[in-house]
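Student: I've got a model open and want to talk it through. Can you take my questions one at a time?

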Amino acid sequence: MTHPLWDDTDSDLTIVFTGGNGCFEMLQGEPMLESRVYAWQEIDRMPLDEVLAVVPAFHPARTDAGH
């Protein structure tokens, strides 16, 4: 029997579902997805100045982001 990766409790895999308005309701309306959600976490939008400060840390090619 095979399982989707997010069903493998022995792995360190994390899947993040993201979306805009209606995403939460859509996920809750799909039993096969909703039953696999371990924790619901709402994350607010980052202010632009924080984005510009953080993005360069993820890849050197992004050091000029926002300039």
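Student: Is Trp-40 buried, partly exposed or exposed?
Tutor: Keep in mind that this is a predicted model. Trp-40 has a relative accessible area of 36%. Buried needs under 20% and exposed needs over 50%, so Trp-40 comes out as partly exposed.

Student: Which ring does Trp-40 pair with, and what is the geometry called?
Tutor: The structure holds 1 aromatic pair. Its ring centres, those of Phe-24 and Trp-40, are 4.8 Å apart, with the planes at 75 degrees. Angles over 60 degrees fall in one class, so the partner is Phe-24 and the geometry is edge-to-face.

Student: How many residues apart in sequence are the parts that this pair ties together?
Tutor: Phe-24 belongs to helix α1, residues 23-28. Trp-40 sits in the loop between α2 (31-34) and α3 (48-54). The pair therefore ties together parts whose separation in sequence is 16 residues.

Student: And Phe-24 itself: buried, partly exposed or exposed?
Tutor: Same cut-offs, 20% and 50%. Phe-24 has 39% relative accessibility, so the label is partly exposed.

Student: What order do the elements of the chain run in?
Tutor: The chain has 3 helices and 0 strands. Reading from the N terminus, the order is α-α-α.

Student: What percentage of the chain's residues count as buried?
Tutor: For some surface context, the chain exposes about 6,400 Å², and carbon and sulfur atoms supply 56% of that. As for burial, among the 67 residues of the chain the share is 3%.

Student: Which residues make the nonpolar surface patch of about 250 Å²?
Tutor: Start with one of them, Phe-17, in the segment before α1. Phe-17 is partly exposed at 39% relative accessible area. The patch is made by Leu-13, Ile-15 and Phe-17.

Student: How far apart in space are Val-16 and Gln-41, C-alpha to C-alpha?
Tutor: Val-16 is also placed in the segment before α1, and it counts as exposed at 65% relative accessibility. Along the sequence, Val-16 and Gln-41 are 25 residues apart. In space, their C-alpha distance is 9.9 Å.

Student: Which element has the highest mean pLDDT?
Tutor: The chain as a whole has a mean pLDDT of 76, with 78% of its residues at 70 or more. Among the elements, α2 has the lowest mean, 83. The highest, 88, goes to α3.

Student: Over which residues is the pLDDT below 50, and how many contacts does that stretch have beyond near neighbours in sequence?
Tutor: The stretch is residues 1-5. Leaving out near neighbours in sequence, its number of contacts in the model is 2.

Terms used. Residues are numbered from 1 along each chain as its sequence is written. This is a predicted model: local features need pLDDT of at least 70, side-chain atom pairs count only at pLDDT 80 or more; totals for chains, interfaces and linings use all residues. Side-chain values use heavy atoms; hydrogens and water are left out. Rings of Phe, Tyr and Trp (its six-membered ring) pair if their centres lie within 6.5 Å; planes under 30 degrees apart count as stacked, over 60 as edge-to-face and the rest as tilted. Helices (H or I, at least four residues) and strands (E, at least two) are DSSP runs, numbered from the N terminus. Buried means under 20% relative accessible area, exposed over 50%, partly exposed in between (1.4 Å probe, protein chains only). Accessible areas come from the Shrake-Rupley method with a 1.4 Å probe; for residues, only the protein chains shown count as cover. pLDDT is the predictor's confidence in each residue, from 0 to 100. Contact means heavy atoms within 4.5 Å. Patches are made of residues with over 30% relative accessible area and no salt bridge: like charges are joined within 9 Å, nonpolar side chains (Val, Leu, Ile, Met, Phe, Trp, Tyr) within 5 Å. A salt bridge is a side-chain nitrogen of Lys or Arg within 4 Å of a carboxyl oxygen of Asp or Glu.
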